[in-house]
Amino acid sequence: MIEAHNLTKTFRDKKRGEVRAADHVSFRVVPGQIYGLLGANGAGKTTTLRMLATLLRPTAGTAQVAGHDVVAAPDLVRANVGFLAASTALYGRLTAREFITYFGRLNGLEDREIAARTKRLADELDMHEFLDRRCDKLSTGMKQKTSIARTLIHDPAVMIFDEPTLGLDVMAARAIVHFVRQCRARGKTVVYSTHVMSEVEKLCDVVGIIHDGRLLAEGTLADLRTRYGEQDMEEIFVKVVTAPLAA
């Protein structure tokens, strides 16, 4: 489970002064649910997710992830979180299998358990063809699948996906979307950040629309369609972020 309460993050910028990248963001995600965080580039999605994953320390507010406070118990949070970003780097000289094994060991797993989990993930993600190929020889889609396997090797209860299909072709993106659905089916708590409206409609049980660091609207797709009188998610998004309160 994830519970965020008034999460706020400010940065100092030489030209703009204090910049509030996340502004009192609050939401809750339960096991077996996909929460979609929808926003344009620079809206505050990544900052919010990085605070949940303990990669950034909140300026204010609190968050509990898998029952642990992100500030008071960051190591316990990390042990229960898989965080996947579109720009995750791989070690080019390692094979995909070696890369996954390395992260399994970092998470305290024995080699036998790592091998079994790697096989299962390779089956699910269709990775066997390139599992023993060096990472610097992989296509973009193969690299993203390897990153997903690395993220899941310790079987975390909470999954955070930050625009995971960015830059992927149609087939690779479909594979990622299918895998996110599988995470939900296994009862994992999932946060899925994107600016792709079709992915929100396919995947998300609850959607939060973030703009200029503020969470402006939240609800199921049915709730949002009723509230804003639109069926198309793009039209709903535009209404929310251009409303007077969003200015």
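**Exercise 1. The surroundings of Glu163**

Which side chain does a polar contact of 3.0 Å join to that of Glu163?

Solution. The model is a predicted one, in which local features need pLDDT of at least 70, side-chain atom pairs count only at pLDDT 80 or more, and totals for chains, interfaces and linings use all residues. Residues are numbered from 1 along each chain as its sequence is written, and side-chain values use heavy atoms, with hydrogens and water left out.

Step 1. The partner at 3.0 Å is the side chain of His195. A polar contact is a pair of N or O atoms within 3.5 Å; within protein, one must be able to donate a hydrogen and the other to accept it, and residues adjacent in sequence count only if both atoms are side-chain atoms.

Step 2. The side chain of Glu163 also has a polar contact of 3.4 Å with that of Lys45.

Step 3. Glu163 is placed in the loop between β7 and α6 (170–185). Helices (H or I, at least four residues) and strands (E, at least two) are DSSP runs, numbered from the N terminus.

Step 4. Glu163 counts as buried because its relative accessibility is 11%. Buried means under 20% relative accessible area, exposed over 50%, and partly exposed in between (1.4 Å probe, protein chains only).

Step 5. The phi of Glu163 is positive, about 50°, although the residue is not a glycine. Most residues other than glycine have a negative phi.

**Exercise 2. The sheet of 6 strands**

In what order do the strands of the open sheet of 6 strands follow one another? Determine also which helices pack on this sheet.

Solution. Step 1. The order is β6-β7-β8-β3-β9-β10, and the pairing is mixed. Two strands pair if DSSP finds at least two bridges between them.

Step 1. At the edges stand β6 (81–85) and β10 (214–219), each of which pairs on one side only. On average, neighbouring strands of this sheet are turned by 15° against each other, direction ignored. Axes are lines fitted to C-alpha atoms, for helices over the stretch in contact, and angles run from 0 to 180 degrees between N-to-C directions.

Step 2. Within the sheet, β7 (residues 158–162) and β8 (residues 189–194) pair in the parallel sense over 5 bridges. Here Val158 stands opposite Thr189 in β8.

Step 3. Helix α5 (residues 140–152) lies across β6 and β7 and runs at about 165° to β6. Helix α8 (residues 221–228) packs on the sheet too, touching β9 (206–211) and β10, with its direction at about 105° to that of β10. Contact means heavy atoms within 4.5 Å.

**Exercise 3. Aromatic rings**

How many aromatic pairs does the structure hold?

Solution. Step 1. There are 6 aromatic pairs. Rings of Phe, Tyr and Trp (its six-membered ring) pair if their centres lie within 6.5 Å; planes under 30 degrees apart count as stacked, over 60 as edge-to-face and the rest as tilted.

Step 1. Phe161 and Tyr192 form a tilted pair, because their ring centres are 6.1 Å apart and their planes stand at 45°.

Step 2. Phe161 belongs to β7 and Tyr192 to β8, so the pair ties together parts that are 31 residues apart in sequence.

Step 3. Both residues have a relative accessibility of 0%: Phe161 is buried, and Tyr192 is buried.

Step 4. Elsewhere, ring pairs link Tyr91, Phe99, Tyr102 and Phe103 into a cluster. The charged end of Arg150 sits over the ring of Phe103, 5.2 Å from its centre; for this, NZ of Lys or CZ of Arg must be within 6 Å of the ring centre and within 35 degrees of the ring normal.
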